[in-house]
Amino acid sequence: LFAEANGSAAPKKILVLGGDGFCGWPTSLYLSDQGHDVVVVDNLSRRNIDLELGCDSLTPIQPMEVRCQAWKEVTGKDIRFVNLDVAKEYDLLVQLIEKEKPDSIVHFAEQRAAPYSMKTSKTKRYTVDNNVGGSNNLCCAVIDSGVDAHIVHLGTMGVYGYGTSGGEIPEGYIDVILPGGRESNILHPAYPGSVYHATKCLDALLWQFYNKNDQLRVTDLHQGIVWGTNTPQTALDERLINRFDYDGDYGTVLNRFLMQGAMGVPLTVYGTGGQTRAFIHISDTARCIELAINNPPKPGDRVEIFNQVAETRRVRDIANLVAKLTGVEVNYIPNPRQEADENELDVSNKKFCNLGLDPITLDTGLFDEVTEVVKKYKSRCNPQKILPASFWNKKRAEACADLD
Ligand code: NAD
Ligand code: USQ
């Protein structure tokens, strides 16, 4: 039954845009391990932002050339790497698609941190130019190349907004009654909470437009917060290790709390910790991408949208769980973000479950993997990078001014 639900498992040629990143690297290895022919495309901008922020992945990630060489040595499989800026090197992108003729293009190549996107006008403008420009380039390049590649884009749960939903959030589309009484099924209204999240809403409109106008085949995956570090593939060799962001800009909440717990420093809960968010483990990110690749929309179908989440949890509940396990204090600090104090969140993830996904939920057994990674590399942690360093507006910056 699973094999049937799993769709066509025939090996495919896959471009992974953003394949050097936290989600992209383990996904590239997983796809290669499953027998697909993988080409990683990345401009290494994330590594440059590390330099700009004076911070680094807690884990010692290797250059792409070393990563690919190690994968070849360990498994005998090839992953090729192309250094290319999806948002700026349009002609090269078209040439690459023409040459490789991929069946699928997985698009991770965006600036993905909400705090970084809110830091300054420069980072706001960069995030919009890079993310929206890159997605638009990708659509144009697929059309110009004449290659009927299926685009699988990493969107975010944040497109739905984080007010209280008042019911289960469906997968992408909702039924509405328009003025005049006409019934319709439309994209769920977008309600972003940061410039970064706004780019994902703009992306969604681009997919919708190019799908309608040029029949592009697109799957948009509204993913929750990813946690964990390594996967069975990245754990095969030290040189394949995944990146681990712990700083106030790029570190995401559960990984940050696990890092803080292992370091013995108080947990940084923002505001009341009343935000409820969706979570997914990094190993399931890779599995979901393959399920999406194996189940492309049919020609003429509208944009396929999946909610890529395992479960929802409240931030302070996660903090209490980590505090109980590690004995560290929970520190409630002023919220650097403009967000609701409390929200409820109920999300459908039926589509992936119907395709055979049995998602990993917050399993304290898996916390050990992250804790061990942190303990091993704790000497690489710069404690000064733990507190928030980006603020949604002046009022929030002033409220956080005394933090140290
Ligand atoms: P990441 O920053 O670790 O990886 C993104 C990669 O894309 C980086 O290697 C970067 O160098 C590359 N990149 C960025 N702009 C590029 C460009 N113009 N040309 C070529 N390469 C470019 O981020 P991640 O955590 O791996 O996230 C990947 C995707 O998944 C993002 O689109 C993000 O929005 C989405 N997502 C992530 C999470 C999460 O919790 N990490 C959750 C939901 C959705
Ligand atoms: N938070 C804390 N303490 C911290 C860090 C965060 O209380 O130390 C809170 C935040 O205020 C927020 C929640 O935890 O309410 C989540 O923050 P986050 O940084 O873990 O997640 P977010 O900014 O939403 O972004 C991350 C990824 C992004 C992805 C998104 C999925 O960086 O790429 O799109 O998760 S989602 O949140 O479902 O939209």
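**Exercise 1.** Find which residues come nearest to ligand 2, and describe the shell around it.

*Solution.* Of the 21 residues around ligand 2, the nearest are T156, M157, G158, V253 and Q275. A residue counts as near if its C-beta atom, placed from the backbone, lies within 6 Å of the molecule. Next, find the elements. Helix 9 (253-263), strand 11 (267-270) and strand 12 (276-281) each give two or more residues to this shell. Strand 11 gives the most, with three residues. Helices (H or I, at least four residues) and strands (E, at least two) are DSSP runs, numbered from the N terminus. The model is predicted: local features need pLDDT of at least 70, side-chain atom pairs count only at pLDDT 80 or more, and totals for chains, interfaces and linings use all residues. Residues are numbered from 1 along each chain as its sequence is written, while chains are lettered from A and ligands numbered from 1 in the order in which they are written.

**Exercise 2.** Work out the strand order of the open sheet of three strands.

*Solution.* The order is 10-12-14, with mixed pairing. Strand 10 and strand 14 (311-314) are the edges, as each pairs on one side only. Two strands pair if DSSP finds at least two bridges between them. Now take one pair. Strands 12 and 14 run antiparallel and are joined by four bridges. T276 stands opposite R314 in strand 14.

**Exercise 3.** List what L17 touches, leaving out residues up to four places away in sequence.

*Solution.* Contact means C-beta atoms, placed from the backbone, within 7 Å. L17 touches V41, V86, I105, V106, H107, F108 and A109.

Note on methods. Two residues are in contact if their C-beta atoms, placed from the backbone, lie within 7 Å.
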